[in-house]
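Please read these notes with the model open beside you. They are arranged as numbered points, from the overall fold down to single residues.

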Amino acid sequence: MFHIVKLQPGDSPREFASLGLKLKRKRKQDCILQPCPAHLESRCSIYDARPIRCRIFECRQLQRVATGEISEAGAQEKIIEATGLVAEVNQLLFRKGGSNIRLPLSKRCETAMAEPLHPTSDEASVRDRTRLERVMQKLNALLDQEFRIETAEPL
Ligand code: SF4
């Protein structure tokens with residue numbers, strides 16, 4: 001959903017680095033780069049030690065469950081839909097010859113889409129490219145509508 005998580009006063013960059021998180025200082029601001037290596041099997045593997053922003057962030061699904069607008073099962077369906085689209089994007093990227101999985105998915109897609117199609121590209125490659133664009137659009141629309149929240153500043 002995001003490319004970075006900004007660290008807050010009280011967060012310890014050194015501690016996060018020792019836990020294997022990837023840190024970067026951008027415009028005098030310490031950040032954790034995404035995708036986060038602590039995200040394993042759909043869970044935060046350092047939950048008790050996670051950064052402050054991760055503690056306070058509530059996606060739309062969590063907010064809707066909290067207010068009773070939707071059920072946990074409904075939220076679970078949206079999560080399954082999103083992870084299914086992510087899996088499809090990954091599959092298409094790997095079919096194109098793989099990409100650096102340490103980079104955010106949207107950046108990897110941008111790179112793949114920016115590659116010119118070879119005049120000798122077969123029909124399947126052209127189809128995959130069109131499909132990649134469509135699935136990524138669908139995923140972004142789903143994330144915007146169902147997960148991301150508007151914040152005054154980037155997370
Ligand atoms: S909640 Fe955990 S897995 Fe997610 S970004 Fe924060 S530290 Fe990483």
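1. The secondary structure comes to 6 helices and 5 strands. Along the sequence the pattern reads β-α-β-β-β-β-α-α-α-α-α. Helices are DSSP runs of H or I with at least four residues, strands are runs of E with at least two, and both are numbered from the N terminus.

2. This is a predicted model, so local features need pLDDT of at least 70 and side-chain atom pairs count only at pLDDT 80 or more, while totals for chains, interfaces and linings use all residues. Residues are numbered from 1 along each chain as its sequence is written.

3. The chain is divided into domain 1 (4-57) and domain 2 (61-146). These bounds come from an automatic or database domain assignment. The domain centres, taken over C-alpha atoms, are separated by 23 Å. The C-alpha trace spans about 55 × 40 × 30 Å along its principal axes.

4. Burial first. Of the 155 residues, 14% count as buried. A residue is buried if 20 or more other C-beta atoms lie within 10 Å of its own, exposed if 12 or fewer, and partly exposed in between, with C-beta atoms placed from the backbone. Now contacts, meaning pairs whose backbone-placed C-beta atoms lie within 7 Å. Among contacts with a separation of 6 or more, 56% join residues 24 or more positions apart.

5. Which residues are around the ligand? They are Val-5, Cys-36, Ala-38, His-39, Cys-44, Ile-46, Arg-50, Pro-51 and Cys-54. Being near here means that the C-beta atom, placed from the backbone, lies within 6 Å of the molecule. By class, this shell has 7 nonpolar, 1 polar and 1 charged residues. Ala, Val, Leu, Ile, Met, Phe, Trp, Tyr, Cys and Pro count as nonpolar; Asp, Glu, Lys and Arg as charged; the others, Gly among them, as polar.

6. Now the backbone. Most residues other than glycine have a negative phi, and most peptide bonds are trans. The bond from Gln-34 to Pro-35 is cis, with omega near 0°. Pro-35 lies in the loop between β3 (29-33) and β4 (39-40).

7. Two positive phi values deserve a look. Arg-27 is not a glycine, yet has a phi of about 45°. Its place is the loop between β2 (23-26) and β3. Glu-41 has a positive phi near 50° and sits in the loop between β4 and β5 (43-44). Buried or exposed? Arg-27 is exposed, with 5 other C-beta atoms within 10 Å. Glu-41 is exposed, with 5 other C-beta atoms within 10 Å.

8. Helix α3 (residues 60-67) packs against helix α4 (residues 72-95) at an angle of about 170°, with axes 9 Å apart. That makes the pair roughly antiparallel, a term for angles over 145 degrees. Axes are lines fitted to C-alpha atoms over the stretch in contact, and angles run from 0 to 180 degrees between N-to-C directions. Gln-61, Arg-64 and Val-65 of α3 meet Glu-72, Ala-75, Lys-78 and Ile-79 of α4. The contact residues divide into 3 nonpolar, 1 polar and 3 charged.

9. Last, Leu-105, in helix α5 (residues 105-114). Why does Leu-105 count as buried? Because Leu-105 has 20 C-beta neighbours inside 10 Å. Beyond its neighbours within four places in sequence, Leu-105 is in contact with Val-86 and Val-89. Leu-105 and Pro-35 are 70 residues apart in sequence, but 8.1 Å apart in space, C-alpha to C-alpha.

Methods
Two residues are in contact if their C-beta atoms, placed from the backbone, lie within 7 Å. Angles under 35 degrees count as roughly parallel, over 145 as roughly antiparallel, 65 to 115 as roughly perpendicular and the rest as oblique.
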